[in-house]
Number of protein chains: 2
Amino acid sequence: MTGTLIDGKSIAAGMEQSIKQDIETVVKKIGRKPKLLVILASPDEASKIYVGAKKRKGEEIGIEVDINDLGTKASSAEISRVVQKANLDKSVDGMIVQLPLPSGISGEGIIEQINPNKDVDGLTPFNIGKLAKGGKPSHVPCTAMGIVQLIESTGLKIIGKNVTVVGRSNIVGKPVATLLLQRDATVTICHSKTVDLGMECKHADILIAAIGRPSFITKEWIKDGAVVIDVGINRTADGITGDVDFLGAKEIAGFITPVPGGVGPMTVINLMRNVVTAAKLGAGIE
Amino acid sequence: MTGTLIDGKSIAAGMEQSIKQDIETVVKKIGRKPKLLVILASPDEASKIYVGAKKRKGEEIGIEVDINDLGTKASSAEISRVVQKANLDKSVDGMIVQLPLPSGISGEGIIEQINPNKDVDGLTPFNIGKLAKGGKPSHVPCTAMGIVQLIESTGLKIIGKNVTVVGRSNIVGKPVATLLLQRDATVTICHSKTVDLGMECKHADILIAAIGRPSFITKEWIKDGAVVIDVGINRTADGITGDVDFLGAKEIAGFITPVPGGVGPMTVINLMRNVVTAAKLGAGIE
């Protein structure tokens, strides 16, 4: 048992304190709480659980969270109208469209319509493009940002490190690769078509697993002393597990995140941070 | 001498034939030649040479190329006005802002203002963001697209291959990494802070050098039979050389691009292709 636990829960709790102070300042300026609109049209039960967690955290720290549940039969045009209305509504600071949407509706097509300043998931093409180009997007995807904060919490210098990102989703794998490249890491992006995944992982000073396959990455694939960030949240018969075989990996890793209590709390707290930033952008104070 | 030459000049010439046919169709529809506006405010002599090459190629194949040379003392506001005017001008199908701009002017800030459909360099945040997300941007950066076409010309399947991209510029390194990731390669992005560049290169089935350092990559760093794409155009006492030590690398590589005559012609022809696409977008026929 050599690996030090990266305690996402307590790091997120620390961030929460400074966000609360920020909220107080914003409330004084705008005369109301920052507001997040969650647009839900998901057939997925897990989505409702995630949305519930966002609402609870928001209310806890002083952010109003409105959930607009359009049901599972919402049309693309209906969802669009809600987005367009929220773009113009000055009382809505930030909005997210909870994916997945009902089958046949393009999430991308909907997300594209969000005003980048209100895009607190950081997923509009404009914000992703600014991020990719090394500019300053209005908002950065929450989980990707949280991963960087977890790595930084270890005190390890990212510059020059070999990073292997397993998984290339738009919400985690690709933006975290971009963020770490900007911090001068040498970044390799792997996925289901990677031929020798074990070798690519073993080579990593920092290993990020975001593939959604329970306990898929075992200790044989982990470099001695590596930082291991497990993004997976897999519901199995044994409860919730990550993408990394935690007990084995912990023997080899220098630092490792638990699941739950690692990346998860960072996602929610960064969403809250983005909502506060959005409120500041809306009020012209950022 | 085992490496087969990848003849960018003849591949570009082949593309030129189909683009010319495309131009004929477009001319019939819109009653005029497609038009590219080049906005030049560059203190850099090389920029004028590049712009001249674009104009010559355009005129050769039936694209009107207007060069608006604002001189080296143009202000940011002046350049912006030209971009805004061209956004609204229906006779301008595509535009590029030739970088670098006079010192103190943000190229990014200017490029952001281009209508994505007219952004034939594919460098607006919107187009880069769509590309990064795996969507369909109006235009893809010309050199990056050209590199993919050169690799495909070898007949090699990209899926599952290890690609090492040396260099992380917005116009080459980052977009080509994205394009190859989309084609299911395992992609590593290296740069000046990479600790063991030789090892990262040696590991590559496909090696892309885009760093601007003459003959920097030598045969010791090349994997037997690799595809080597040399993006460098370095002016040295010995004439123009690439980033790869060509004669040495050719002994080891399976396929290799020469400099000049490799990537260069692909950049120009893809720009022309993007202008034709822009004309189609403008006319609502794409």
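1. Axes here are lines fitted to C-alpha atoms, for helices over the stretch in contact, and angles run from 0 to 180 degrees between N-to-C directions. Helices (H or I, at least four residues) and strands (E, at least two) are DSSP runs, numbered from the N terminus. From helix 6 of chain A, the residues involved include Cys142(A), Met145(A) and Leu150(A), and from helix 10 of chain A they include Val263(A), Met266(A) and Leu271(A). By class, the residues of this contact are 7 nonpolar, 6 polar and no charged. Ala, Val, Leu, Ile, Met, Phe, Trp, Tyr, Cys and Pro count as nonpolar, Asp, Glu, Lys and Arg as charged, and the others, Gly among them, as polar.

2. A word on the basis of this note: the model is predicted, local features need pLDDT of at least 70, side-chain atom pairs count only at pLDDT 80 or more, and totals for chains, interfaces and linings use all residues. Residues are numbered from 1 along each chain as its sequence is written, while chains are lettered from A and ligands numbered from 1 in the order in which they are written.

3. Have a look at Ala144(A), also in helix 6 of chain A. Ala144(A) counts as buried because it has 30 C-beta neighbours inside 10 Å. The cut-offs are 20 or more other C-beta atoms within 10 Å for buried, 12 or fewer for exposed, and partly exposed in between, with C-beta atoms placed from the backbone. Beyond its neighbours within four places in sequence, Ala144(A) is in contact with Val172(A), Pro175(A), Val176(A) and Leu179(A); contact is taken as C-beta atoms, placed from the backbone, within 7 Å.

4. Now to chain B, where 3 strands form an open, parallel sheet in the order 3-2-4. Strand 3 (64–69) and strand 4 of chain B are the edge strands, each pairing on one side only. Two strands pair if DSSP finds at least two bridges between them. The twist averages 20 degrees from one strand to the next. Helix 3 (residues 76–88) of chain B packs on the sheet, where it touches strand 2, strand 3 and strand 4 of chain B.

5. Strand 4 (residues 94–98) of chain B is largely enclosed by the rest of the structure, because 5 of its 5 residues are buried. Gly94(B), Ile96(B) and Gln98(B) lie on one side, with Met95(B) and Val97(B) on the other. Strand 2 (residues 35–40) of chain B runs parallel to strand 4 of chain B, joined by 5 bridges. Leu36(B) has Gly94(B) as its bridge partner, and Leu40(B) has Gln98(B).

6. Finally, the meeting of the two chains: 26 residues from chain B and 26 residues from chain A take part in the contact. On the chain B side, helix 5 (125–132), helix 7 (173–182) and strand 6 (186–190) each supply at least two residues. Helix 5 of chain B gives the most, with 7 residues. That side of chain B divides into 10 nonpolar, 8 polar and 8 charged residues. Strand 6 (residues 186–190) of chain A pairs with strand 6 of chain B in the antiparallel sense over 3 bridges, and Thr188(A) stands opposite Thr188(B).
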